[in-house]
Amino acid sequence: MNTYDVAVIGSGPGGYVAAIRCAQLGMKTAIIEKYITLGGTCLNVGCIPSKALLDSSHHYHDAIKHFEEHGIEISGAVKMNLEKMIDRKQKVVDTNTAGVKYLMDKNKIAVFEGIGSFVDATHINIAKTNPEATDEQIEAKNIIIATGSKPATLPFITLDKKRIITSTEALSLTEIPKHMVVIGGGVIGLELGQVYSRLGAQVSVIEYMDRIIPTMDASLSKELQKVLKKQGVKFYTKHKVTAVKTSAKEVTITADDKKGNPVEFKGDYCLVSVGRRPYTEGLALDKAGVKANDKGQIEVNDHLQTNVGNIYAIGDVIKGAMLAHKAEEEGVFVAETLVGQKPHIDYNLIPGVVYTWPEVAAVGKTEEELKEAGVEYKSGQFPMRALGRSRASGDIDGFVKILADANTDEVLGVHMCGARVADLIAEAVVAMEFRASAEDIARISHAHPTYAEAVKEAALAATDKRSIHS
Ligand code: FAD
Ligand code: NAD
């Protein structure tokens, strides 16, 4: 039987990064993945394909809505070829997943294809999906569970995956919906909603809470909803979906509106995006004695160790934000813990991003959280429209808001909406990792003209209301 220092179950961003770091640190490492391609949700049906479609649909939208104002005239109609767009997305996915396979080989990590399940706390059975292949067993001193998550649904919804779909199907549609009804105004609903809205679908978003992206700073919810509404997306907040029924070509969604009155929505597609749930089916956790909580998350301590000493868990399958970069940090954390290092993750400083256009990005505390905690804070905000760079490109929506401690000026939270803020947020993360004050950021030179100048200006505004350009 093959014996390893570490076996990782699941090859998403948590699992494959953990495996690479283990190998870098000299451990004999194996990774087990049930699908033929590596990379997990993120590379196959998550982060990467959704961004490929967001980018493609953005180009199309610009061509039909904005080229003219830049003096670019297209003779003849601009046509959408959805099949080609989806094919391109698949090529992007294939290149990325092949890249992970290359990295496994480069780091001499043994890759096993098949469903991993515990035989006991140190042995894993690998059940082959190919009926002609025989199962294998491996032994590992330490095991990292990185089996990720699957789309969640509501108890009364049957996902037929044709008309009532999850993000996975929405990434490979063969036609542009006439009317896509989205249940859940969170990250997936808004990103994929915007893709199909740009391609010409009517998109209606039904959200249970009183605002979209409800876990982010309320100012971001307001700004993004305003801009998406202008682009044609319809929003129904404070609506509670009670039933979803489908016929061959139509889906009927019933919801209770703000006043509790039933309202009906009819569409040709219904995207269910109400969150994701941890995925542990098939792992036989009981054989190793590993405990999960009532939400299905594997329970871990501060070292990301389960109740069984040599078994760790990371990423979407444990508590915390379901984000690829959070899973990656945890993968590195466990690998370094295994060789006796003392790694650290500051969960407050894991940024969150929505890749709509304008983008939304944030790190640290929201105003709502600071108020609830009774922290005295000051706020500095700078509108994107006041930047030369924004006016040059025409991307004038959004703002940067910096929240700083009223007494010490330490930056406590940064909230952004606008062009390229998914990239700008890194500056805020670095500043907060070094416990910078708003004035520290304000005194740093930012290249002109860039969107990043909005960060400096918001910091000037937070310091003592002395932004230069507003
Ligand atoms: P996963 O990526 O889910 O990987 C788990 C892997 O384990 C899978 O490949 C699975 O097949 C395998 N597995 C499960 N059980 C077994 C078993 N028993 N044996 C063998 N293999 C097994 N996050 C971001 O940070 N940025 C984004 O832009 C972003 N966009 C997203 C867009 C969409 C549409 C979706 C759905 C998600 C998106 N996410 C994004 C979230 C991100 O994909 C997840 O947070 C991330 O993939 C979690 O990584 P993970 O390693 O924990 O698990
Ligand atoms: P989410 O948690 O972001 O949003 C779900 C939304 O559905 C929430 O606004 C919630 O209030 C709403 N909701 C829940 N029950 C409802 C109901 N009965 N009726 C109406 N609305 C309801 O979840 P998601 O958008 O499905 O995404 C799943 C996970 O994937 C998220 O945790 C996210 O972190 C991750 N993801 C991240 C990115 C990114 O980083 N850009 C992109 C896509 C997905």
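A polar contact is a pair of N or O atoms within 3.5 Å; within protein, one atom must be able to donate a hydrogen and the other to accept it, and residues adjacent in sequence count only if both atoms are side-chain atoms. The model is predicted, with local features needing pLDDT of at least 70 and side-chain atom pairs counting only at pLDDT 80 or more, while totals for chains, interfaces and linings use all residues. Residues are numbered from 1 along each chain as its sequence is written, chains are lettered from A and ligands numbered from 1 in the order in which they are written, and side-chain values use heavy atoms, with hydrogens and water left out.

Ligand 1 comes first. A nitrogen atom of this ligand lies 3.5 Å from a backbone N or O atom of Cys47. Oxygen atoms of ligand 1 are also placed by the backbone: one is 2.9 Å from a polar backbone atom of Gly14, and one is 2.9 Å from a backbone N or O atom of Ala324. The protein covers 95% of the 990 Å² of accessible area that ligand 1 has on its own (Shrake-Rupley method, 1.4 Å probe; for residues, only the protein chains shown count as cover). Around ligand 1 there are 39 residues, of which Glu33, Thr41, Lys51, Gly116 and Ala324 come nearest; a residue is near if one of its heavy atoms lies within 4 Å. Helix H2 (40-45) is among the elements that supply at least two residues of this shell, and H2 gives the largest share, 4 residues. Helices (H or I, at least four residues) and strands (E, at least two) are DSSP runs numbered from the N terminus. By class, the shell has 17 nonpolar, 17 polar and 5 charged residues. Here Ala, Val, Leu, Ile, Met, Phe, Trp, Tyr, Cys and Pro count as nonpolar, Asp, Glu, Lys and Arg as charged, and the others, Gly among them, as polar.

Ligand 2 has 21 residues around it, with Ile188, Glu191, Glu207, Gly275 and Val353 nearest. Helix H6 (residues 187-198) gives the most to this shell, 3 residues, and the shell divides into 13 nonpolar, 5 polar and 3 charged. A side-chain N or O atom of Glu191 is 2.9 Å from a nitrogen atom of ligand 2, and a polar side-chain atom of Glu207 is 2.6 Å from an oxygen atom of the ligand. Tyr208 instead uses a backbone N or O atom, 3.2 Å from a nitrogen atom of ligand 2. Of the 840 Å² of accessible area that ligand 2 has on its own, the protein covers 78%.

The largest nonpolar core has 52 residues, and Phe118, Ile138, Ile144 and Ile145 have the most contacts inside it. Such a core is a set of buried Ala, Val, Leu, Ile, Met, Phe, Trp, Tyr and Cys residues joined through side-chain atoms within 4.5 Å. Helix H1 (residues 13-24) supplies its largest share, 7 residues. Apart from this core lies another, of 36 residues, among them Val400, Ala452, Ala454 and Leu460.

His446 sits in the loop between helix H13 (438-442) and helix H14 (453-464). His446 counts as buried because its relative accessibility is 12%; buried means under 20% relative accessible area, exposed over 50%, and partly exposed in between (1.4 Å probe, protein chains only). The side chains of His446 and Glu427 make a polar contact of 2.6 Å.
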